[in-house]
Amino acid sequence: MGRGLVSSIGTAVERCATWRIAVAASVGVVGCVGGLAWRQARLAGLDLLDSRVWYTPDEAAALFDALDRLDASARAVYATTALTIDMVFPASYGLLLAVVLFRLFRGGAPLYLLPLAVALADGLENITVAVLALSHDGVPSLLAWPAAVFTAVKTALFVATLAVTCVGAIRWMWQRKRHPR
């Protein structure tokens with residue numbers, strides 16, 4: 001990624017690094033968590049693809065078959081929520097965590113890019129999962145491989161983002177303790 005692009009993204013994140021934006025993103029996260037909890041309940045608590053770390057085309061097909069056995073609209077519900085609630089969710093948490101990391105590591109490495117990369121991987125995962133769900137014809141699809149890669153990348157980057165956020169928060173608290181205002 002070129003320095004110009006990183007600088008442009010940094011400028012955009014800096015403009016968003018306000019309490020108002022952080023609160024709006026937090027409200028988005030909470031709303032989406034509620035919507036995704038509804039989806040999980042609606043789909044009988046099945047182990048959906050986006051909650052796994054990895055899966056194969058056979059495992060994806062087995063999930064879609066299980067959704068078909070649940071009811072005639074279950075796959076459509078999964079696909080629709082993947083393209084609605086589950087697209088707003090990464091935008092919300094990605095923005096919130098980017099703002100937090102921008103504030104915690106001001107002037108340092110552009111760690112705010114981590115949650116934006118998570119959100120991108122999550123969005124790509126959601127699109128491929130929706131296409132898989134809508135196109136399922138009873139046989140495994142090779143499209144499950146890139147979907148699984150997006151899921152694995154999302155998971156790894158999310159863990160890295162949380163770790164960096166925790167380190168930044170500890171660092172911030174340590175600085176406040178050593179140099180109270």
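How many nonpolar, polar and charged residues does the lining of the largest cavity have, by class? The lining has seven nonpolar, two polar and no charged residues, where Ala, Val, Leu, Ile, Met, Phe, Trp, Tyr, Cys and Pro count as nonpolar, Asp, Glu, Lys and Arg as charged, and the others, Gly among them, as polar.

The views below show a predicted model, in which local features need pLDDT of at least 70 and side-chain atom pairs count only at pLDDT 80 or more, while totals for chains, interfaces and linings use all residues. Residues are numbered from 1 along each chain as its sequence is written, and side-chain values use heavy atoms, with hydrogens and water left out.

**View 1. The largest cavity and its lining.** The structure holds one cavity of 30 Å³ or more, and the volume of the largest cavity is about 40 Å³. A cavity is a set of points, on a 1 Å grid over the protein atoms alone, where a 1.4 Å probe fits but cannot get out; lining residues have an atom within 4 Å of a point. Grid points are joined across faces, edges and corners, and a volume is the space filled by probe spheres set on the points. The lining consists of Pro57, Ala60, Ala61, Phe64, Leu132, His136, Val139, Pro140 and Ser141. Helix 3 contributes the most, with four residues; helices (H or I, at least four residues) are DSSP runs numbered from the N terminus.

**View 2. The largest nonpolar core and the surroundings of Phe64.** A nonpolar core is a set of buried Ala, Val, Leu, Ile, Met, Phe, Trp, Tyr and Cys residues joined through side-chain atoms within 4.5 Å; buried means under 20% relative accessible area, exposed over 50%, and partly exposed in between (1.4 Å probe, protein chains only). The largest such core has 20 residues, and those with the most contacts inside it are Leu43, Leu49, Tyr55, Leu63, Phe64, Leu67 and Tyr78. At least two residues of this core come from each of helix 3, helix 4, helix 6 and helix 7, and helix 4 provides the largest share, five residues. A second, separate core of 13 residues includes Ala17, Val99, Leu104 and Leu114. In soluble globular proteins, nonpolar side chains tend to be buried together. Leaving aside residues up to four places away in sequence, Phe64 touches Leu49, Arg75, Tyr78, Val129, Leu132, Ala133 and His136, contact meaning heavy atoms within 4.5 Å.

**View 3. The salt bridge between Arg42 and Asp71.** A salt bridge is a side-chain nitrogen of Lys or Arg within 4 Å of a carboxyl oxygen of Asp or Glu, and by this rule the count comes to six. For Arg42 and Asp71 the N to O distance is 2.8 Å. Arg42 lies in helix 2 (residues 19–42) and Asp71 in the loop between helix 3 (57–70) and helix 4 (74–83), so the pair ties together parts 29 residues apart in sequence. Arg42 is partly exposed at 25% relative accessibility, and Asp71 is partly exposed at 25%.

**View 4. Asp86 and a network of salt bridges.** Arg39, Asp50 and Asp86 are linked in this network. Asp86 belongs to helix 5 and is buried, with a relative accessible area of 3%. Beyond four places in sequence, the residues that Asp86 touches are Leu36, Arg39, Asp50, Thr81, Asp122 and Asn126.

View 5. A pocket is an open set of points with protein on both sides within 12 Å along at least five of seven lines. Helix 2, helix 5 (85–104) and helix 7 are the elements that give two or more residues to the lining, which divides into six nonpolar, three polar and six charged residues. Lys154 also forms a salt bridge with Glu125, the closest N and O atoms being 3.2 Å apart. This pair links distant parts of the chain, with Lys154 in helix 7 (residues 144–178) and Glu125 in helix 6 (residues 113–135), 29 residues apart. Both Lys154 and Glu125 are buried.

**View 6. The second largest pocket.** The volume of this pocket is about 250 Å³. Ala17, Thr18, Trp19, Ala22, Leu96, Val99, Val100, Arg103 and Leu104 form the lining, in which helix 5 has the largest share, five residues. By class, the lining divides into seven nonpolar, one polar and one charged.
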